[in-house]
Amino acid sequence: MWNAGTTKCNVNWRVYPALDTKPFLETMFKLANNGKTNKNGVPGIVTTVYVLKKHQKSFRLSKLRLSLVNFLYLLLYPLIKIRGKLIENLP
């Protein structure tokens, strides 16, 4: 979701079943608020793989196969462990 206009926009969004949608959104907002995303709100590859694995039970990208996420997780595991600790400690 985004607001392409310049005026304030309110969104009423519900997710059923919610599962861990709230923690996923909180993580993404933490990253954005701390400058850990690009201008489009997308984090780097290591952070993205960390977030996708952490929230894989309720959130998946339609254009990125789960098998690729799992492979990248194994490949980047040492970096992901460090990044995960940093993300969890963001204000």
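The protein chain exposes about 7300 Å², and carbon and sulfur atoms supply 60% of that area. Accessible areas come from the Shrake-Rupley method with a 1.4 Å probe, and for residues only the protein chains shown count as cover. The model is predicted: local features need pLDDT of at least 70, side-chain atom pairs count only at pLDDT 80 or more, and totals for chains, interfaces and linings use all residues. Residues are numbered from 1 along each chain as its sequence is written, and side-chain values use heavy atoms, with hydrogens and water left out.

Of the 91 residues of the protein chain, 23% count as buried; buried means under 20% relative accessible area, exposed over 50%, and partly exposed in between (1.4 Å probe, protein chains only). Taken along the principal axes, the C-alpha atoms fill a box of roughly 45 × 30 × 20 Å. The secondary structure comes to four helices and zero strands, in the pattern α-α-α-α along the sequence. Helices (H or I, at least four residues) and strands (E, at least two) are DSSP runs, numbered from the N terminus. Among contacts between residues at least 6 apart in sequence, 56% join residues at least 24 apart, where contact means heavy atoms within 4.5 Å.

Helix H1 (residues 21-33) packs with H2 at an angle of about 165°, the axes being 10 Å apart. Axes here are lines fitted to C-alpha atoms, for helices over the stretch in contact, and angles run from 0 to 180 degrees between N-to-C directions. H1 and H2 are therefore roughly antiparallel to each other; angles under 35 degrees count as roughly parallel, over 145 as roughly antiparallel, 65 to 115 as roughly perpendicular and the rest as oblique. On the H1 side, Phe-24, Thr-27, Met-28 and Leu-31 meet Thr-47, Val-51 and Lys-54 in H2. By class, this contact of H1 with H2 has four nonpolar, two polar and one charged residues. For these classes, Ala, Val, Leu, Ile, Met, Phe, Trp, Tyr, Cys and Pro count as nonpolar, Asp, Glu, Lys and Arg as charged, and the others, Gly among them, as polar.

H2 also packs with helix H4 (residues 77-88), at an angle of about 75° and with the axes 9 Å apart. That makes H2 roughly perpendicular to H4. Val-46, Thr-47, Val-49, Tyr-50 and Lys-54 of H2 meet Leu-79, Ile-80, Arg-83, Gly-84, Ile-87 and Glu-88 of H4. The contact of H2 with H4 has six nonpolar, two polar and three charged residues. Thr-47, in helix H2, is buried, with a relative accessible area of 4%. Leaving aside neighbours within four places in sequence, Thr-47 is in contact with Leu-31, Arg-83 and Ile-87.

The remaining pairing is with H3. The axes of H2 (residues 45-54) and H3 (residues 66-75) come within 10 Å and cross at roughly 120°. Ile-45, Val-49, Leu-52 and Lys-53 in H2 meet Val-69, Asn-70, Leu-72 and Tyr-73 in H3. Six nonpolar, one polar and one charged residues make up the contact of H2 with H3. Val-69, placed in helix H3, is buried, with a relative accessible area of 4%. Apart from neighbours within four places in sequence, Val-69 is in contact with Val-49, Leu-52, Lys-53 and Leu-64. The C-alpha atoms of Val-69 and Gly-44 are separated by 14 Å, with the two residues 25 apart along the chain.
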